Amino acid sequence: IKFAQFYIDTKENNMLVYLRLLKESFGFAMNALRNNKLRTLLSLLGVTIGIFSIIAVLAAVDSLDKKIKKDLSSLDKNTIYLMRFSFGPSEIPQWKREQFPNVKYDEYEYLKNSMNDLDQMGFQLFVKRESLKYQSASVSDVNVVPVSHEFIDIQGLEFDEGRFYNESESNSGAAVIVLGNEIAQNLFEDSNPIGKDIRLYGQRFSVIGVLKKQGAGMFGDSNDTSVFIPVNFLRRMYGDNNDAMTPVILIKPQKGIDMDAFKAELSQKLRNYRGMKTDEIDNFFINVLSGFTDLIDGIVGQMNVVGWIISGFSLLVGGFGIANIMFVSVKERTNLIGIQKSLGAKNRFILFQFLFEAIILSVIGGIIGLLMVWIIAMILTKALEFEFVLGMGNILLGTGLAALIGLISGILPAIAASNLDPVEAIRTGM
């Protein structure tokens, strides 16, 4: 029992010694900052810039990634975009891809009536941006989305007022329109837009719905700055062979199905409908939304790697700066080290004293870098209406990296200090 009590007391005494050691090391670090402000700050600048660069890149990429996933959250990851273009890289030569025909409305109708395991299928045209007018008010650079009535079930639109157009209005190409929240505010301010007529493509459209506010989109566009009209209205006006319009068939399969089998069936049915021979390659692309998100994840990963490489050089410079401070500190306190060792201080006590000091100095530089990221993130969030998030994970990563740089940079000076001969150290100091 006495031995156990002695062991516990010894451990408690050691803990107190190391806590005191940590406190003294913090005091020496703060002393270095106070007494040699310019030298210390210049040496810490590398750590500060390195941590700032890495965490700024990671925070920006994380914020972009979260925004993309939020914008795509309303869509099923298995949503398919059937069109003549590919979302990602393709092995098919560009000259051959340019010869691919656009998908047609009759192909959409055929596939909708013949595909198995289908939840929803819609037809959309990508068109150039237009201007809208209501009495004396007008809005330019509007994203016009001509699409069939199934779009609301594919994308899951939410409304502040009114509704989306129904199947009858969609098929007949009725002159009805659904407005994004920002478009409605710019044209009608606080008045109710439902039932009002606006002008688009030189025609009158009756407003039947206003969408809920969404916020900025991942590529600049969002539903707030978009309007939705029946696709058949434009088909009736301009026909199906207009080069200014790019058609796409939107396909939402049922949940839990075999996607490879569904894509194979889709490909075979369209090939048969187009009368293609068995030795001919597909002259269309089946773009699955999950593949697009994988492409985005790959780009995000590459951006992170580039950020780490660039910032690594700053951290390297910062490490040399910390090592420089510590070597100078060892030289300045040689006499003190000799006195400590002559009074019985062990080598590891001296080692930890300088090691803790290096870590504390480096962490101070890292905290300054994190503070700079936080300030800039707050400014950009307000200025750009894009939420830059400095997450707790990145804060801990930045602090940990700073501590690691301090540990690596301070190890050699600390070893040099711990190995000093006490008599020689006191004599040198004198």
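**Values set against definitions**

User: Why is glutamine 135 called exposed?

Analyst: Glutamine 135 has a relative accessible area of 69%, and a residue counts as exposed over 50%, as buried under 20% and as partly exposed in between (1.4 Å probe, protein chains only), so glutamine 135 is exposed. Its place is in the loop between strand 3 (130–134) and strand 4 (137–147), where helices (H or I, at least four residues) and strands (E, at least two) are DSSP runs, numbered from the N terminus. This is a predicted model, in which local features need pLDDT of at least 70 and side-chain atom pairs count only at pLDDT 80 or more, while totals for chains, interfaces and linings use all residues. Residues are numbered from 1 along each chain as its sequence is written, and side-chain values use heavy atoms, with hydrogens and water left out.

User: What makes the phi of glutamine 135 worth a remark?

Analyst: Glutamine 135 has a positive phi of about 55 degrees although it is not a glycine. Most residues other than glycine have a negative phi. Aspartate 117, in the loop between helix 4 (105–114) and strand 2 (118–126), also has a positive phi of about 55 degrees without being a glycine. Aspartate 117 is partly exposed, because its relative accessible area is 39%.

User: How do you know which kind of pair tyrosine 201 and tyrosine 238 form?

Analyst: The structure holds 11 aromatic pairs, where rings of Phe, Tyr and Trp (its six-membered ring) pair if their centres lie within 6.5 Å, and planes under 30 degrees apart count as stacked, over 60 as edge-to-face and the rest as tilted. The ring centres of tyrosine 201 and tyrosine 238 are 6.2 Å apart and their planes stand at 70 degrees, so this pair is edge-to-face. Tyrosine 201 lies in the loop between strand 7 (197–200) and strand 8 (203–211), and tyrosine 238 in helix 8 (residues 231–238), so the pair ties together parts that are 37 residues apart in sequence. Tyrosine 201 is buried at 17% relative accessible area, whereas tyrosine 238, at 39%, is partly exposed.

User: What makes arginine 235 count as lying over the ring of tyrosine 105?

Analyst: A charge sits over a ring if NZ of Lys or CZ of Arg is within 6 Å of the ring centre and within 35 degrees of the ring normal. Arginine 235 lies over the face of tyrosine 105, at 3.9 Å from the ring centre.

User: What makes a group of residues a nonpolar core, and which members of the largest one touch the most others?

Analyst: A nonpolar core is a set of buried Ala, Val, Leu, Ile, Met, Phe, Trp, Tyr and Cys residues joined through side-chain atoms within 4.5 Å. Of the 45 residues in the largest core, Leu82, Leu132, Ile177, Leu179, Ile198, Ile249 and Ile251 touch the most other members. Apart from this core lies another, of 29 residues, among them Ile51, Ile325, Ile405 and Ala414.

User: Why does glycine 256 count as exposed, and where is it placed?

Analyst: Glycine 256 counts as exposed because its relative accessibility is 80%, and its place is in the loop between strand 10 (246–253) and helix 9 (259–274). The C-alpha atoms of glycine 256 and asparagine 78 are separated by 9.9 Å, although the two residues are 178 residues apart along the chain.
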